[in-house]
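Hello,

Here is the structure I promised to pass on. Please open it alongside this note.

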Amino acid sequence: MAAPVLAVRTGILFRSFKTFTTLKPFIPVISQYGVLTQTANYHPKPLKLNLKDPYIPDKTSEKTPEWQLTEKFDRKRYGRYGDASGIDPATLWPTDEKLEAMIKDEAEWHPTLEVMLKNISIREEEEAAKRRAKEKLIASNMAKMPKMVADWRRERSETKKKMAEEKTRKDKLLAEARERFGYAVDPRSSKFLEMVAEVEKEQKKKKKLLKRREKEEQAATPLAPADE
Amino acid sequence: MSLIKKPGGKALDVLQNLPRITLANLRPEPGSKQKEKRRGRGQYGGNRSGRGHKGERQRGTRPRLGFEGGATPFYLIIPKYGYNEGHSRRPQYQPLSLKRLQYLIDVGRLDPSQPIDLTQLVNARGVTIQPQKRDFGVQLVDEGAELFSAKINIEVQRASEAAIAAVERNGGVLTNSFYDPISLAILIKPVPFFLRGQPIPKRMHPGEEMVPFYMDPCARGYLAPPEQVQQARLALAKKYGYVLPDLSRDELFHMLSSRKDPRQIFFGLSPGWVVNMADRKILKPTDEKLVQYYGS
């Protein structure tokens, strides 16, 4: 008694179900393990639509809840029961006003591909222009760089020289003061400053004398050849 | 004497002659059930029941995770940086490796003789998509590219270059197409959508940021011109070093070349149609305005 039942059960595995599931007759595949034929398929969950006893709410009675009188519920009833729900299918699509609203929304929130491509191209052009301007600026600045570097180096050496000269001048003045006064004078004191002023005056006088002599010599030398 | 071997053989004999299966005949596979740890029992489990000796450990009054005894904890002392900023607005793509795809085809959950869509993948329980969690679809990952050997027409939302190469090397076709969140929810659960009684909506175009990707032939975008896609296929074959099979000679050429319209969600169903599951009918609108709207 058990054997035939089991035979039927085992037999089912090697046959395919008939009605509900989608039969997919596969071509037998020849692989390293031998010939393989698919026998088991995907069985979707059975749809319980309850077509024999559809629920149709009474639109006139007061007892039916509000949500059962809405369009949305009507659509759901049609989707579930089909024609047995007694709903005119033409009401499933949007009315003219609603359609206009939908078109308006779409135009605002979902631009067409052409518009989007245009925006993208504009944006990319702006970015490219910005990048080019930046690169141009960098290139021009880099071209100036050798000159700027040389200038800076020159200035640095000049300031160094100046500082060295200042130092030597100061040292000389200090030495002079040391000689004159006989002791190390503070460069900030008034004595030192007076001495510096005197030294400068003497230097100026010397220069003037030198200049006069040079002028006399110059005046003498052109006259001499002119005379001759 | 027929020496035809019965499939199953002795095992089938035994199975047919055994008594019926009841709870008395069943026992779990040895090694499958591990005994649970029972605290506070026996010489070694008793006493302090694995809680240690005195203090917060035994008394269960330890402070919260991350507390460092009063010093500013690590998770507060490290300053914030915008790594996770806007994370909930970023589109996510559920990964699908080529290894898993090959497995699904081998065990028969996916049918390679039909175009493989996200609906087919979800029906086969190959991936789980949650549109409410910012999922925008599925991405094909190239793990298992060496093992992949199936000729398929697959449509995903993102795919790495190596995955595209692996699919095309075996004579298949890959397309990257975009589904906006509403269309995606309809795509992964078509039957509950049809039971709603709504007309099938149009699939919206991708946003401005994603349009360049879906128009790129190298990414096999669904908005890219087909000639450029063909050139990209040849270029990829050269790059990865395989011979691109000629699909026009293929017996499944019609199936492999079937592609959805950019506004279409399902193969064979246009936007604007209402599917009546109970009476197995499809209703199409005839009003001009509706036809124009759903056809644009």
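Below are notes on the pocket, on chain A and on one residue.

This is a predicted model, where local features need pLDDT of at least 70, side-chain atom pairs count only at pLDDT 80 or more, and totals for chains, interfaces and linings use all residues. Residues are numbered from 1 along each chain as written, chains are lettered from A, and side-chain values use heavy atoms, without hydrogens and water.

The largest pocket holds about 2000 Å³ of space. Its lining has 40 residues, and the closest to the centre are A:Tyr42, A:Pro44, B:Asn123, B:Val191 and B:Met277. A pocket here is an open set of points on a 1 Å grid over the protein atoms alone, where a 1.4 Å probe fits, with protein on both sides within 12 Å along at least five of seven lines; lining residues have an atom within 4 Å of a point. The volume is the space filled by probe spheres set on the points, which are joined across faces, edges and corners.

Chain A has five helices and two strands. Their order along the sequence is α-β-β-α-α-α-α. Both are DSSP runs (helices H or I, at least four residues; strands E, at least two), numbered from the N terminus.

Last, B:Ser97. This residue sits in strand E1 (residues 92-97) of chain B. B:Ser97 counts as buried because its relative accessibility is 18%, with buried meaning under 20% relative accessible area (1.4 Å probe, protein chains only). Leaving out residues up to four places away in sequence, B:Ser97 touches B:Val141 and B:Glu143 (contact: heavy atoms within 4.5 Å).

Best wishes

Terms used:
Buried < 20%, exposed > 50% of the residue type's maximum accessible area, 1.4 Å probe, protein only.
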